[in-house]
Amino acid sequence: MTPIVTILVVDDEPAIRRLFHVGLSRVGYNVVEAGTAREALNALQIDKPEVVLLDLGLPDRDGLELIPIMQGQTAIIVVSARDATSQKVAALDLGADDYISKPFDSEEVLARIRTALRHRLPTGVSDAPFRHGDVEIDLAARAVRKGGTEVHLTPKEYGFLSELARNPGRVITHSQLLKAVWGPGHEGDVEYLRVAARGIRRKLEDDPSQPKLLRNEPGIGYRLASLDWHG
Amino acid sequence: MNEQRPDPEALLRAAAREGRGRLKVFLGAAPGVGKTYEMLSEGAARREDGIDVVVGVVETHGREETAAKLRGFEVVARHQASYQGHILDEMDIDAILARRPALVLVDELAHTNAPGSRHDKRWQDVEELLDAGIDVYSTLNIQHLESLNDVVASFTKVRVRETLPDKVLEDAEIEVVDIPPDDLIERLRHGKVYVPDEATRALGNFFAKSNLSALRELALRYAAQAVDAQMLDYVRAHAMEGTWAASDRLVVAISEQAGSLELVRAAKRLADALRAPWTAVHIETPRSAHFNDAENMQLADALHLATQLGGHVASVPAESVLEGLKRFTTEARATQLIVGKSIRSRWFELLHGSIVDRLVRETPGLAVQVLPTSETAQGRTRRRKPRGEWGDLSGYLVSLGLTVAVTVAGTRLLSSGNITDLGLLYLLPVMVAATRYGLRTGIVTSLACSLGYNFFFIPPTHTFTIEDPRNLITVLVLLGVAIVSSQLAARVREHALQAQASAAQNSALAGFARQLTGISMIDDLAQVLCAEIGRLLDGNTVLLMPGEAPGEGGLSRRWSWPQAARLETLDMAAANWAFENDCPAGRGSDTLTSSEWLFHPLAARGAVMGVFGLARSDARAPVRPDQLPLLLSLLDQAGLALERIALEAQMADLSQARERDRLRHALLSSVSHDLRTPLTTIMGTLAAIDAAGPDQAAQIATARGEAERLYRFVTNLLDMARIEAGALHGKIEPVDLDEAVSEALHELRTLLADHAVSIDIAPDAPMVLVDPHLFHHCLTNLIENAAKYGDPDAPITITAARTTDGVDLAISDRGGGIPEGWEERIFETFARIEGSDRKGGTGLGLAIVKGFALAMGLDVTAVNCADGPGARFTIHFDPAHLKDWPEA
């Protein structure tokens with residue numbers, strides 16, 4: 001029996017809060033609501049939520065400012081409009097775990113919450129090999145296999161893939177990837193990522209033109225097969 | 001100083017020649033030397049070279065050789081029309097302009113056109129042709145040249161009426177057609193020479209061998225000089241090393257007298273010989289204010305001639321001619337001064353000293369040339385005494401009355417025993433008369449006073465004899481006082497009059513400016529302009545402006561004063577000409593002078609906005625030369641006001657448009673936001689409902705579908721608002737086309753669940769430089785569009801391949817295609833093809849694609865597929881939007 005998970009919904013629209021409340025309670029989460037930044041920070045102390053669904057448009061404070069405060073205490077999933085690309089990137093770079101776009105699909109919301117929770121659990125899953133279809137990424141052995149056969153990746157391709165495999169299902173922004181794999185000073189060189197992603201897809205995807213493993217979030221970053229992962 | 005710096009004026013002249021036709025003039029010493037024949041021969045040679053040559057006008061004068069030469073040329077028919085009883089039979093300049101040959105032959109450059117023609121002179125027609133970029137060959141006899149007019153007249157005794165300003169020939173190539181005088185006389189004997197009217201009268205003289213030799217020499221010398229000048233221009237413009245005459249600067253002093261024209265021509269000749277710039281200067285003394293109309297005209301003519309001959313002109317206000325000349329020559333760093341021999345009386349010169357003597361003495365660095373001016377040259381205008389110089393009768397009466405009163409008072413004082421300084425009493429009437437009524441009244445009064453004093457008070461009284469010399473002094477003092485004070489007063493009065501005149505002009509201008517500041521409508525401006533100028537210059541006025549509708553090219557009357565002022569066809573022609581050429585036209589100008597009106601262009605912001613016309617009911621010249629500056633200043637002010645009104649209107653339009661945009665944007669984004677939130681809730685709630693049965697499940701699905709559609713529409717509206725507000729700040733990064741297409745297909749996976757898609761992205765397709773988010777929306781919108789309007793059973797094809805100038809990404813469907821003529825319109829906001837409504841489009845999808853693409857600098861086009869039914873949308877990436885994959 002897993003302990004009851006508490007989710008804090010921060011949104012200034014009561015209707016949206018209610019919608020989350022109904023949907024999340026139904027699957028067994030304990031839901032706490034906050035309409036302002038102040039209420040959200042209070043709830044963070046009192047209710048100690050495992051996940052925060054954070055709308056950035058709050059009446060009393062910019063939602064982005066809350067991320068550094070909450071980060072480390074809880075998983076943060078930013079809820080934002082579809083077209084607010086730069087806002088999403090900023091939130092992720094500040095330490096948000098993921099984002100969902102309005103209008104949201106309830107299945108997607110649940111999947112993102114599950115992903116976020118998995119990373120919060122101190123079970124050391126990151127050492128276990130990541131599997132998707134016939135692809136296996138063994139971080140401990142620094143090996144990538146497809147259908148049991150080891151696939152040779154360039155060092156950068158491996159670095160790119162392992163960075164994503166450490167956080168499966170979670171979006172990693174361009175600048176986070178570039179900084180981690182290519183080092184500081186390369187945060188703007190998006191074409192490195194395109195080259196690596198193309199190489200990885202050619203080697204690992206069944207149909208590179210319809211990738212299932214390595215997904216691109218236009219203008220934001222990459223993620224490793226999020227919704228289908230049940231590792 | 002850098003000696004090799006190119007002379008800016010020479011460069012300017014060279015620049016002005018660019019794009020202009022070239023003029024070649026066949027110059028002859030006399031009629032009959034064969035200029036026309038020579039011109040036709042050269043024209044024929046050009047024609048042989050394949051150049052498009054036409055004959056504008058050529059007079060054969062019945063000569064067989066010439067007529068034979070003329071055959072084989074295309075001759076533009078002359079313009080024939082009757083105007084006020086005259087038959088016009090002149091070169092048809094419009095026909096030539098319309099025909100646009102490369103070269104046109106125009107005989108007799110100095111010819112005067114019939115009244116009612118567009119220009120007075122044929123050379124003006126030629127200038128227009130040259131301006132249009134057409135080369136012209138023409139002919140000219142040396143005696144028609146303006147600056148040589150006097151010289152020729154001096155030995156042939158024939159003054160030619162038709163003269164040609166020297167500046168016309170300044171840039172022309174000159175070819176002298178020369179035959180020895182004996183041959184010419186021979187040809188004359190054989191009747192081969194057409195003798196113009198003015199020469200007939202003095203036939204014997206004109207064709208005398210000595211005359212012909214002199215004319216021939218003139219022609220040759222002129223041509224040599226012209227060649228020199230052109231060479232010099234070239235040298236100066238290109239600052240070639242070499243020596244040319246040290247910079248002489250010539251100044252010619254002109255006055256209101258008839259000899260001024262001769263002086264100007266002489267100055268031009270001398271300046272040409274010295275290759276020096278020259279200036280005609282007029283010194284405005286207080287006396288200038290008293291010039292009569294004829295004198296003013298004379299002066300204006302002289303200044304006009306100087307401009308025509310290529311000189312500068314200046315008007316310098318000064319207390320005296322001498323002082324003005326001294327100042328001007330020093331300021332202008334003149335080296336030579338040309339003055340006319342004074343026609344003042346010997347007495348005047350004895351009293352004041354000759355101006356020339358003092359000039360020579362007081363300006364050491366200046367060479368002064370004194371030229372005689374022939375009084376017979378033209379009917380010399382004798383200076384008419386201005387009315388009122390003898391003073392008003394009332395002045396005499398008042399002064400005399402005063403004298404009588406003083407005498408009566410003196411007699412009373414005398415009888416009461418006070419006899420000292422009675423003479424001083426007489427100063428009163430003298431001063432009053434001299435200061436108030438001028439010199440003559442003053443002198444007459446002082447004489448009357450002397451006589452009265454002498455007769456009544458100087459012993460022996462009641463006689464005019466003077467015993468005591470002391471009393472003689474009193475009489476002389478009275479006279480002296482009268483002269484000095486009247487001159488002082490006269491000077492003060494003249495200054496006052498001048499000041500008054502300029503104050504009147506300034507106040508007219510200021511008043512006009514004041515009236516204009518309050519005006520914000522063009523019609524009000526037109527009304528004020530017409531009424532004010534009509535009042536100030538005492539004439540009829542009209543303002544013509546182009547029609548407001550774009551198609552309406554002609555000028556129409558905006559206002560006139562008086563309202564009933566009539567404009568004839570000819571007047572309208574002058575107005576149109578003035579409008580099109582940004583030059584004055586009509587009476588008193590150089591163009592279409594038979595019009596009763598004078599039209600001046602009204603310019604604002606460097607463009608001609610209309611023309612202003614002025615006429616007098618008594619058919620005199622509409623504007624006196626001295627009124628011209630006032631008129632021009634008034635028109636300048638009107639132009640400024642017009643500019644201000646136009647700017648104000650533009651500003652108002654702009655701020656209105658901006659306000660509209662702001663409102664629309666605010667409305668759209670607030671509507672979008674306020675609609676999106678409830679829609680999100682509705683969609684989420686519908687998704688969360690557990691259907692109680694299949695019927696309810698279907699109902700919920702329908703409601704959800706509609707909500708989603710509404711949501712898409714609102715999102716599109718918001719995108720459109722952002723596009724129209726120019727609020728798209730794309731972040732350009734390299735994007736893999738494969739990745740972008742697969743991501744778009746992934747997003748549309750539900751829509752495309754039962755729709756085949758075939759993807760063919762060339763392996764060598766480079767990355768594209770776009771905003772990934774905007775590009776993603778372009779792709780999803782285009783694919784969605786293809787899915788919506790395409791045949792559901794045929795696949796949507798997505799291809800990308802290199803083309804000759806970049807990369808094309810094409811999305812094709814197999815639907816009904818695009819109706820003809822809709823290829824552009826399909827991208828317009830809310831454009832929907834007839835009957836397509838039921839497909840559930842918002843009419844915004846493609847407009848958003850276009851808007852986003854434009855924001856990224858991309859081009860989107862729509863065509864029907866070449867290989868079957870259906871539409872094909874192509875996003876074109878030019879090389880600037882491509883980034884090659886790095887070498888593996």
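Select helix H27 of chain B, residues 845-856. Of its 12 residues, 10 are buried, so H27(B) is largely enclosed by the rest of the structure. A residue is buried if 20 or more other C-beta atoms lie within 10 Å of its own, exposed if 12 or fewer, and partly exposed in between, with C-beta atoms placed from the backbone. Helices (H or I, at least four residues) and strands (E, at least two) are DSSP runs, numbered from the N terminus.

The model is predicted: local features need pLDDT of at least 70, side-chain atom pairs count only at pLDDT 80 or more, and totals for chains, interfaces and linings use all residues. Residues are numbered from 1 along each chain as its sequence is written, while chains are lettered from A and ligands numbered from 1 in the order in which they are written.

Remain on H27(B) and colour its buried residues, among them B:Leu846, B:Ile848, B:Val849, B:Phe852 and B:Met856. B:Lys850 is also buried. Now display what covers them, including helix H24 (694-724), strand S21 (767-770), helix H26 (772-789), strand S24 (859-864) and strand S25 (871-877) of chain B. From first C-alpha to last, H27(B) reaches 17 Å, close to the 16 Å expected at 1.5 Å a residue; the expected span is 1.5 Å times one less than the number of residues. Just after the helix, B:Gly857 takes a positive phi of about 85°.

Next, select helices H11 (260-274) and H12 (293-308) of chain B. Two packed helices are described by the angle between their axes and the distance between the axes. Here the angle is about 15° and the axes are 9 Å apart; axes are lines fitted to C-alpha atoms, for helices over the stretch in contact, and angles run from 0 to 180 degrees between N-to-C directions. H11(B) and H12(B) are therefore roughly parallel (angles under 35 degrees; over 145 is roughly antiparallel, 65 to 115 roughly perpendicular, the rest oblique). B:Ser260, B:Leu261 and B:Val264 of H11(B) meet B:Gln298, B:Asp301, B:Ala302, B:Leu305 and B:Ala306 of H12(B). By class, this contact has five nonpolar, two polar and one charged residue. Ala, Val, Leu, Ile, Met, Phe, Trp, Tyr, Cys and Pro count as nonpolar, Asp, Glu, Lys and Arg as charged, and the others, Gly among them, as polar.

B:Asp582 counts as partly exposed, with 13 C-beta neighbours inside 10 Å.

Move to chain A and select H6 (155-165) with H7 (174-181), whose axes come within 10 Å and cross at roughly 130°. The two helices are therefore oblique to each other. A:Lys156, A:Gly159, A:Phe160 and A:Glu163 of H6(A) make the contact with A:Leu177, A:Ala180 and A:Val181 of H7(A).

A:Lys48 is the next stop, in the loop between helix H2 (37-47) and strand S3 (51-55) of chain A. Its phi is near 45°, again positive in a residue other than glycine, and A:Lys48 is exposed, with 12 other C-beta atoms within 10 Å.

Finally, show the interface: 24 residues of chain A are in contact with 28 residues of chain B, contact meaning C-beta atoms, placed from the backbone, within 7 Å. H8(A) gives the most to the chain A side, with six residues.

Note on methods: Contact = placed C-beta atoms within 7 Å.
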